[in-house]
Amino acid sequence: QVQLVESGGGLVQAGGSLRLSCAASGRTFSSAAMGWFRQAPGKDREFVAAGRWSDGTLRYADSVKGRFIISRDNAKSTVYLQMNSLKPEDTAVYYCAATDRTGSWIFQYARETGYDIWGQGTQVTVSS
């Protein structure tokens, strides 16, 4: 059974940085597309960033563009989300997700239904 495990969350002051990790176990994800979503208290889960590693296509939500970077280490089967210039409104539980449906991913990368496997989430809190 494939599992995704997030780590790296925590408490940081506004303007600071954090790097989240999402480690995949159970199989390799060399051809998968993976994404990061977040859910703030009382709000719906929203898209943050995603990547299709077969061709290096990356996508970001407008709210994080220029501040967050998604990357991957194939050897470690791990996807990262480098978060810089953090703001209080970035406070949320962050989830990583994966799918093998890479052909249709470009049309669904920002939707929860575009992914089949999800991690348990990691809390990020940004203080003002």
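In the protein, 59% of the contacts with a separation of 6 or more are between residues 24 or more positions apart; a contact here means heavy atoms within 4.5 Å. This is a predicted model, in which local features need pLDDT of at least 70, side-chain atom pairs count only at pLDDT 80 or more, and totals for chains, interfaces and linings use all residues. Residues are numbered from 1 along each chain as its sequence is written, and side-chain values use heavy atoms, with hydrogens and water left out.

Overall dimensions next. A compact globule of 128 residues would have a radius of gyration near 14 Å, and the protein agrees, with 14 Å. That radius is taken over C-alpha atoms, and the globule rule is 2.2 Å times the number of residues to the power 0.38. Along the principal axes, the C-alpha atoms fill a box of roughly 40 × 25 × 25 Å. Of the 128 residues, 47% are buried. The classes are buried for under 20% relative accessible area, exposed for over 50%, and partly exposed in between, with a 1.4 Å probe and protein chains only.

Now the secondary structure. The protein has one helix and eleven strands, taken as DSSP runs numbered from the N terminus, with helices being H or I of at least four residues and strands E of at least two. The order from the N terminus is β-β-β-β-β-β-β-β-β-α-β-β.

I will stay with strand E5 for a moment. E5 covers residues 46-52, and six of its seven residues are buried. On one side of the pairing list is E4, residues 33-39, antiparallel to E5 and joined to it by six bridges; two strands pair if DSSP finds at least two bridges between them. Within that pair, Met34 is opposite Gly51 of E5. Six residues lie between E4 and E5 in their hairpin, and Gly42 in the turn has a positive phi of about 75°.

E5 also pairs with E6, residues 57-60, in the antiparallel sense, over four bridges. Arg52 has Thr57 in E6 as its bridge partner. This hairpin has four residues between its strands, and Gly56 in the turn has a positive phi of about 75°.

With a relative accessible area of 26%, Ile106 is partly exposed. Ala33 is 73 residues away from Ile106 in sequence, and the C-alpha atoms are 9.6 Å apart.

Ser25 is in strand E3, residues 18-25. Its relative accessibility is 33%, so Ser25 counts as partly exposed. Beyond four places in sequence, Ser25 touches Gln1, Val2 and Gln3. Gly9 is 16 residues from Ser25 in sequence and 20 Å from it, C-alpha to C-alpha.

The largest pocket has a volume of about 180 Å³. Of the 13 residues lining it, Arg38, Lys43, Glu46, Glu89 and Asp90 are the closest to its centre. On a 1 Å grid over the protein atoms alone, a pocket is an open set of points where a 1.4 Å probe fits, with protein on both sides within 12 Å along at least five of seven lines; lining residues have an atom within 4 Å of a point. Points are joined across faces, edges and corners, and the volume is the space filled by probe spheres set on them. The lining has two nonpolar, three polar and eight charged residues. Asp, Glu, Lys and Arg count as charged; Ala, Val, Leu, Ile, Met, Phe, Trp, Tyr, Cys and Pro as nonpolar; the others, Gly among them, as polar.
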